[in-house]
Amino acid sequence: MEFLVEPFRFEFFRNGLIVAAVAGGLCAVVGTYVVLRNMSYIGHGLAHAIFGGAVASFLAGINFYLGAGAWGVASALMVNRVARRRTISADAAIGVITTASFALGVALISRARGFTRNFEAALFGNVLGVEKLDVVIVIGVALIVSLVIVILYRPFLFLTFDPEVAEVFGVRTARLDALFALLLAATVIATMQVLGVTLIAAALVIPPVVARLMTDRFRTMLALSVVIGTVSGFAGMYLSFYLDIASGAAIVLTQATIFTFAYLATAQNRAGHKRSLGVPAH
Amino acid sequence: MSNDRSRDSVVALRNVSFAYDRDVVLSDLSLEVMRGSLLGVVGPSGSGKTTLLKLLGGGLDPSLGSVESSPSLRIGYVPQVDTVNWYFPVTVDEVVLMGSSAGRRLGLRYGAEERDRAHTLLHDLGIGHLEPRHIRELSGGQQQRVFVARALMADPNLVLLDEPMAGVDVKTRQDVLATLRDIAERGVAVVLTTHDLNSVAAHLPEVMCINRRLIAQGPPGSTLVPDVLYETFGAEMELIEHHGHPIVIDKHPDPVVVPIQRKADGIPG
């Protein structure tokens, strides 16, 4: 038990643990919708787009959450608008917007000196810089996202399952799409410090994918995804502390390990299901 | 228009045209859907059938013309089964309960009244025992009925169905059409698209032939005639009558008589 208590002597760990566990669960909630709507690329792209805003706000001396927040909202709304158009491939258009924003961040960094350490922290996540404000922000965003998901659970489910038909049934899909893009942007901004730009996409995707392997019910998938995200955030922080590796990497590696076990454990069920349907298992 | 007629009108398209960018999919089409009507829309692929349903359902706004709908319009929509994501983690009861969401119901839980209604609808459609099953585990006909139940869950006065007979067996097709007749008899307007001309001829009182514009509309007996079918599909077809219903068959340009072999080699006849 000593190894569990030992890191609590450090304030950065206490803050980091709360942020990592909440960030894991938060990404898992939003990620469930991201995965089921085949929007994984948007999550990945948005994280990169916001990186540009984070760098710009740092160099301009603007508070990270204000600068990156405004940048994130603008990027999310632009990505959402582009994704709804038919004339060009949504993936290609999103790629242009988000990589251009990311490239701007890299360009600004390359002009600034003594920024290397922060650059790595932004890319791969670092709990050393987690402060009280970060804890408050990630908990606040998690509460807002949870509240919105609970209140709008049913329209969001319909929108995720069948967007075109949901519109005919009276679901205001354009508004919900825009709202979801904002929730996604807020999630990325709130978790960037601990997870890192390059690893947020994994934290959004892996817990829901594991949950999907384990259930055929949406509600159960959502709950399992949150549990997996939170537990892996918690466990990843201990790994990060004891192995002295980046927190984002530790959390994502924990999730990848859980995925491997879940995949192997459910392989038998999938083969049995195929056999019962008369399909040869491969 | 008489007052009775306006009371019975559920939705009407007035000289509607619709284009995706510069591609005009429907041109100058008018249609009035009346309470309790059962209308089949036929036409070749790309003729604008699904677009017509979306215009009626409010999912699309016309490029030209207008859509007039009753203030009390409530729509139930049944999509083409091949557009459904069958790997989505959702069970039969969850799909049906979506119908009562309609963007207005909020919160995480479904009410007892909604659950009872969903159960009754599924039971009436003969699939009550499948409630907890994943939608992928059902047969084609059962899946079709799940989406009909979801449409009815919205307590609609207009049900729109996109290709409900596609890929289903004969028994399922007959069951689906019987269900739709029952729905229409309760005063609900039903509009469906299909490629199955003979089902339309045998089961529906009214048919509309379109190919990016209205070609003809009326009872199948007077509408499904060779000239109209040629104009609609660009293919020559012949009609024979059976029990008062037209049966549409392809016209072969050079009839080939294939002798029926009464006795296969080595097999006793």
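Contact means that heavy atoms lie within 4.5 Å of each other. The model shown in these figures is predicted.

**Figure 1. Chain A is built from helices.** The secondary structure of chain A consists of 13 helices and zero strands. Among contacts in chain A between residues at least 6 apart in sequence, 75% join residues at least 24 apart. Chain A has 282 residues, and 49% of them count as buried. Its accessible surface is about 12,900 Å², with 67% belonging to carbon and sulfur atoms.

**Figure 2. Six strands of chain B form an open sheet.** The order of the strands is β5-β6-β7-β3-β8-β9 in chain B, and the pairing is mixed. At the edges stand β5 (75-78) and β9 of chain B; each has a single partner strand, so one side of each is left without a neighbour in the sheet. From one strand to the next, the twist averages 15°. Strands of a sheet pair through backbone hydrogen bonds, either parallel or antiparallel.

Figure 3. Helix α6 (residues 170-185) of chain B lies across β3 (38-42), β6 and β7 (189-194) of chain B. The angle between α6 of chain B and β7(B) is about 150°.

Figure 4. Strand β8 (residues 206-210) and strand β9 (residues 214-218) of chain B run antiparallel and are joined by four bridges. V207(B) stands opposite G218(B) in β9(B), and the bridge partner of I210(B) is L214(B) in β9(B). Three residues lie between β8(B) and β9(B) in the hairpin. In the turn, R212(B) has a positive phi of about 65°.

**Figure 5. Strands β1 and β2 of chain B form a hairpin.** Eight bridges connect strand β1 (residues 9-20) with strand β2 (residues 23-34) of chain B, and the two run antiparallel. V11(B) stands opposite V33(B) in β2(B). Two residues lie between the strands of this hairpin. D21(B) takes a positive phi near 55°. In a regular strand the side chains alternate between the two faces of the sheet.

**Figure 6. Helix α9 of chain B has its buried residues on one face.** In helix α9 (residues 226-233) of chain B, the buried residues are V228(B), L229(B) and T232(B). Seen down the axis of α9(B), these buried residues fall within an arc of 95°, so they line one face of the helix. An α-helix has 3.6 residues a turn, so residues three or four places apart point the same way. After α9(B) comes G234(B), whose phi is positive, near 70°.

**Figure 7. A salt bridge joins D162(A) to R150(B)**. The closest N and O atoms of D162(A) and R150(B) are 3.3 Å apart. The pair crosses between chains: D162(A) is in the loop between α8 (153-161) and α9 (163-168) of chain A, and R150(B) is in helix α5 (residues 140-153) of chain B. D162(A) counts as buried because its relative accessibility is 9%, under the cut-off of 20%. R150(B) counts as buried too, at 0% relative accessibility. The count over all chains comes to 15 salt bridges.

**Figure 8. R217(A), D93(B) and E94(B) are linked in a network of salt bridges**. R217(A) forms a salt bridge with D93(B), and their closest N and O atoms are 3.8 Å apart. This pair crosses between chains, from R217(A) in the loop between α11 (197-214) and α12 (218-243) of chain A to D93(B) in helix α3 of chain B. R217(A) counts as partly exposed because its relative accessibility is 29%, whereas D93(B), at 10%, counts as buried. Helix α3 of chain B covers residues 92-101. Leaving aside neighbours within four places in sequence, D93(B) is in contact with R217(A), R115(B) and E131(B).

**Figure 9. A salt bridge joins D216(A) and R212(A)**. The side chains of D216(A) and R212(A) meet at 3.0 Å, N to O. D216(A) is partly exposed, with a relative accessible area of 24%. R212(A) is buried, with a relative accessible area of 19%.

Notes:
Residues numbered from 1 in each chain as written. Chains lettered and ligands numbered in written order. Predicted model: local features only at pLDDT ≥ 70, side-chain atom pairs only at ≥ 80, totals over all residues. Heavy atoms only, no water. Buried < 20%, exposed > 50% of the residue type's maximum accessible area, 1.4 Å probe, protein only. Areas by Shrake-Rupley, 256 points an atom, 1.4 Å probe, with all protein chains shown as cover. Pairing = 2+ DSSP bridges. Arc of directions from axis to C-beta. Salt bridge = Lys/Arg side-chain N within 4 Å of Asp/Glu carboxyl O. Axes fitted to C-alpha atoms, helices over the stretch in contact; angles between N-to-C directions.
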